[in-house]
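Hi there,

Here is the structure I promised to pass on to you. Have a look at it first, and my notes follow below.

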Amino acid sequence: MHLLSVEHITKTYGEKVLFRDVTFGVEDGDKIGIIGVNGTGKSTFLKVIAGVEPPDAGTIAIGGKVVVRMLSQDPVFQPGETALEHVLGGDSPQLRAVQAYAAAMQAIELNPGSEKAQSELIAANARMDEHGAWQLENEAKTALSKLGIQQYDAKVETLSGGQRKRVAMAAALLLPSDVLILDEPTNHIDNDSVAWLEGMLQKRRGALLMITHDRYFLDRVSNRVIELDRGEAHFYQANYSRFLELKLEREEREAASEAKRQNLLRNELAWIRRGAKARTTKQKARIDRFEALKAAGPKATDGKLDVSVASTRLGKKILEAEGLAKSYGDRALIRNFSYIAVPEDRVGIVGPNGSGKSTLLKLIAGRLEPDAGTVELGPTVKLGWFSQEREEMDESLRVIEYIREAAEQVKTADGTTISAGQMLERFLFSPTMQWTPIAKLSGGEKRRLQLLRVLMEAPNVLLLDEPTNDLDIATLTVLEDYLDDFPGVVFVVSHDRYFLDRTVEKIIAFEGNGAITLHTGNYSEYAERQPSGGASSTAAPASLKGNAAAGQTVDNAKAADQPVKERTLKMSYKDQKDFEQIDDWIADAEAELARIAEEMEAASSDSARLQELAAKQQELEGKLETLMDRWTELNELAERIAAQKR
């Protein structure tokens, strides 16, 4: 069944074209993921489809009885309403029956002997029967509970921003609609809630359009993908993993077309340079063809994120937490927690919302004082804190001013020194955007800017609190690659299962009532070992040192006597690729040096040319020296890996 049609819509923001001339249809059963780099207009795209914003050109045609419902990133609530009232606050006959029944029950409680109240309750019961609405309130409470809202009568205005978003999501899921539009539905909900939402959307009837950075979620829920890229929309009848294959094929085709265009351009250029005169129709046609080929050049790319910022050297002592405890009122978040970080630790921190994950990071960072216990950092530790909040950003600053507060210049991993402006360009902030006030950036662009600032300070211990919120998939992919090669220690709180699987080797799990357990392996391996419904709620308080066994709760006294298991060495993906190609790179550099030596010999009487060649020779010799150092490093690593297998 056809639900809505999008016809030739275009939207601009100032001089920037967000999307142009986009046309597609939405059918019943479509589950469409919208992806693209931050700032490409994904949220605006959904708002235009939902009718929240008008397009600059084009139309949206919606079927006569089709209901479109959108969960925005900033939902609106009525003053004084409770969480349950908001979820049941729609205008369907079932919801009106539930509301009437709730009002009748309240009237009976206030005046039990009233005949009028009794008759209203009887009528409300009949309406509930008529519309089959008895399960609706229970379903609303279930949705709220699954999304981490346990106090159904809590006033929405007293809830946190993340909790409000979850209340709005419960309402969007419960209220009937033919087309449901979700903007970042997995932000601010924990792993168990994401898994529940995934199952709900897989079973849901009607159509779905959503923006999400959660690649597992996108892969399992979507059956179509729309990619917004430099003002154009590309359509794929596929889930996320198949989309990656199809996108690669498309880009290979475009590269082949560009190579063919370049070849034709070279031929036409050669003809033009021979001095052709535009006197005949044939000659004029060839000149026109040359101009057309030039105009048909490839689109400017978005560039490539490069986060190869050097880190500060890290000593042997990194972080020692001993007997940490933290409570708020009568509620214990952390009880008797101990941990000793080892070099290149990659630790994921998971648990229900409000269980104390961010509190643990703040204790490590010294931003909170523990009720008991101590945290000691090594003398060489330089913390990098990437918060899920933006309170640290002065949004009146311009982009480049914000980065210059961290550093005017920075050294990259290869030893190159570059300016703050150059690093911003690597992070896809054009020279024009660098002078834009932070307040005018999109949410994702602000997060990307905040990440760059943290990395420019060259930390060696990274504390990442929900780093995947609001970052686009391209940025997340590069951050994951950066963490592969990061020589320091990483603690990350995240609900993004894909990100945890890619980046961590241990899981610290908050089990409730201050109990914490340590598990070796990534998130999927941890989840497989848990009973149905998530992490065990019966775990005892934990003292965690080094590499404890999977799921083990470690006793302080025993752990102190146990040796820390040596970290298993392995090559990162980049190391493996470099190891396979390093010999060829060295051979190429040596061959290039030999060629330059021959040219210098032939140009012995041309001082200007000799000076130019000498500069190239010096540059190449430096490159060769770097390659030889890398060759030595990789071969030593390979030998150590081979030795540990024996």
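The crossing of helices α3 and α4 is left-handed. This is a predicted model, and in it α3 covers residues 93-110 while α4 covers residues 115-131. Their axes come within 9 Å and cross at roughly 155°. Angles over 145 degrees count as roughly antiparallel, and α3 and α4 are therefore roughly antiparallel to each other. If you want to look at the contact itself, the residues on the α3 side include P93, R96, Y101, M105 and I108. Among those they meet in α4 are A117, L121, A124, M128 and H131.

Now for the aromatic rings. The structure holds nine aromatic pairs. One of them joins Y236 and F243 in an edge-to-face arrangement, with 4.9 Å from centre to centre and 80° between the planes. Y236 and F243 are both buried. Y482 and F486 form a tilted pair, at 5.6 Å centre to centre and with 35° between the planes. Here, too, Y482 and F486 are buried. You will also find one aromatic cluster made up of F19, F24, F45 and F235.

Which residue lies over the face of F386? That is R447, at 4.4 Å from the ring centre. In a further case, K326 has its charged end over the ring of Y328, 5.6 Å from the centre of that ring.

Happy browsing, and do write back with any questions.

Best wishes

Notes. Residues numbered from 1 in each chain as written. Predicted model: local features only at pLDDT ≥ 70, side-chain atom pairs only at ≥ 80, totals over all residues. Heavy atoms only, no water. Phe/Tyr/Trp six-rings, centres within 6.5 Å; stacked < 30°, edge-to-face > 60°. Buried < 20%, exposed > 50% of the residue type's maximum accessible area, 1.4 Å probe, protein only. Lys NZ or Arg CZ within 6 Å of the ring centre and 35° of its normal. Axes fitted to C-alpha atoms, helices over the stretch in contact; angles between N-to-C directions. Helix = DSSP H or I, 4+ residues; strand = E, 2+ residues; numbered from the N terminus. Parallel < 35°, antiparallel > 145°, perpendicular 65-115°, else oblique. Left-handed = near helix turned anticlockwise from the far one by under 90°. Contact = heavy atoms within 4.5 Å.
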